[in-house]
Amino acid sequence: MKKSNDVTRRKFIGTAVGSAAAFTIVPSHAISGLGHIAPSDKLNIAGIGIGGKGKVNLENMVGQNVVALCDVDWDYATPVFEKYPKAKRFKDFRKMLEQQKNIDAVVVATPDHTHAIAAMAAMKAGKHVYVQKPLTHSVSESRLLTETARQTGVVTQMGNEGHSDDTVYEVAEIIQSGILGDIREAHAWTNRPIWPQGLERPKQAEKIPETLDWDLFIGPAAFRPYHSEYTPWSWRAWWDFGTGALGDMGCHILDVPFYALKLKYPVVVEASSTICNTESAPEASRVEYTFPARENTEYCNFPEVKVTWHDGGLMPPRPKELPDGKPMGGWGGGNLFIGSKGKLVCDYYGRDWKLLLPGNEKPITKVDLPRYADDPLGGGRHEMQWVRACMKGKDGAELTSSNFEYAGPLSEMVLMGNLAIRLQALNRPLHWDGDEMKFTNISPDDKFKIITSHQYKKIDGQPQFHTDWTDELSAAEMANEWVKHTYRKGWKI
């Protein structure tokens, strides 16, 4: 899939149905002329977590056999059960993988805290996996999934679907062609959360719906009573289940700088936010990552760079070169690259990019990066790319755009931002050893407190504030726990 003497990778992949892109799915569909795929050319897919994004992913894998469906909430999953009436139904993915013998590949779109356990079980069973973003709930889980994918050779893909868009590679080509000069500063931002965050744990328990297996939803997290504030969907705000706005959108919006600037592990991370409590992600945050210099290429230098994440409506300073009234990025977020010779601003995944250069120079593309074609059968470009690779088996393991070799380190970067947010009371930049997955400037003696409750009310017209804190916590112990979780009894990876 790399350049050859005669054809570039872009042209090679762009032919869609030529050579390596022409899996058996295509000729049987095209030759038959009957508008269907031979059963022998279909992938047998199981879905784990199907009520939300999993439903969309399965719909985008057109023409395949959905043979098993698993969800802890059978009311939320009902529309998907009805769409695939022949698929066997499960609540526990462990039982599904044990009992259903004809599964080739698995889609994991559960809440974040069960991504790694479900994906690992599938990979150990020899199944190809498509896992929603962020890849996992913790840094160590991302590293473990990356290593396991490498060892097993299964085909993997993370669900940051825009990484298969042409615009990702267009922006990377511009940057790597050197027209912006040396980039030492970049920004990413989102308007999320557009759901409630900064929440305190509900004080009253509610009756568990009959269609929900609450114990399975809790999974590896510490047990707590059921409340409708946790599920469905709203789990993403809660630290025990989700990863907040940064986890939800970071793998989308940080994708372009991570790819274009050839990033891997940051060496320093520092954060600030609105009130951050023990239970849920803050309403708004800013995280600054510092990455070391990378190897220069023929046209582009890669010096040390600071990449700053902004969420909750926070934005980087607006470039003076951008005309008044022109939006910076898109409605949901965007990226800004600041180079020694010019700037580039874009929507996330590089869409609607704008060069801000002296004299309105045009980009000179000296770098040729891949493109990923739409599938002849339709469906989602990102999902069907994974389907085609799965049809090739282990030979297809490197053919997906966001396989775990790429998606694992990207997710680690995103999740490290949440570590910085949760440890911000230490009041220092945190130095990170990426290979060892540990902070090097947190000592066993470092202590900090976290807010448990922050209340405001008026009494006789006067404001009254009351804040409760945890006892002093060991920073080293909490950092280690957040890097590598302790699972609830009965759960393992």
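Modeller: Let's start with Lys343, which is buried at a relative accessible area of 16%; buried means under 20% relative accessible area, exposed over 50% and partly exposed in between, with a 1.4 Å probe and protein chains only. Its partner is Glu321, and the two side chains meet in a salt bridge at 3.1 Å, N to O. By salt bridge I mean a side-chain nitrogen of Lys or Arg within 4 Å of a carboxyl oxygen of Asp or Glu. That pair links distant parts of the chain, 22 residues apart: Lys343 is in strand β12 (residues 343–346), while Glu321 is in the loop between β10 and β11 (333–339). Helices (H or I, at least four residues) and strands (E, at least two) are DSSP runs, numbered from the N terminus. Glu321 is partly exposed, with 35% relative accessible area.

Before going on, a word on the basis: this is a predicted model, where local features need pLDDT of at least 70 and side-chain atom pairs count only at pLDDT 80 or more, whereas totals for chains, interfaces and linings use all residues. Residues are numbered from 1 along each chain as its sequence is written, and side-chain values use heavy atoms, with hydrogens and water left out.

The structure holds 20 salt bridges, and another one of them joins Glu279 to Arg201, with the closest N and O atoms 3.2 Å apart. Glu279 is in the loop between β8 (268–273) and β9 (285–291) and Arg201 in the loop between β7 (183–190) and α9 (214–218), so this pair ties together parts 78 residues apart in sequence. As for burial, Glu279 counts as buried at 13% relative accessibility, whereas Arg201 counts as partly exposed at 34%. These two also belong to a network: salt bridges that share partners join Arg201, Arg224, Asp240 and Glu279.

Then there's Glu288 with Lys306, whose side chains meet in a salt bridge at 3.7 Å, N to O. Here strand β9 supplies Glu288 and strand β10 (residues 305–310) supplies Lys306, and the pair links distant parts of the chain, 18 residues apart. Glu288 is partly exposed at 28% relative accessible area, and Lys306 is partly exposed too, at 37%.
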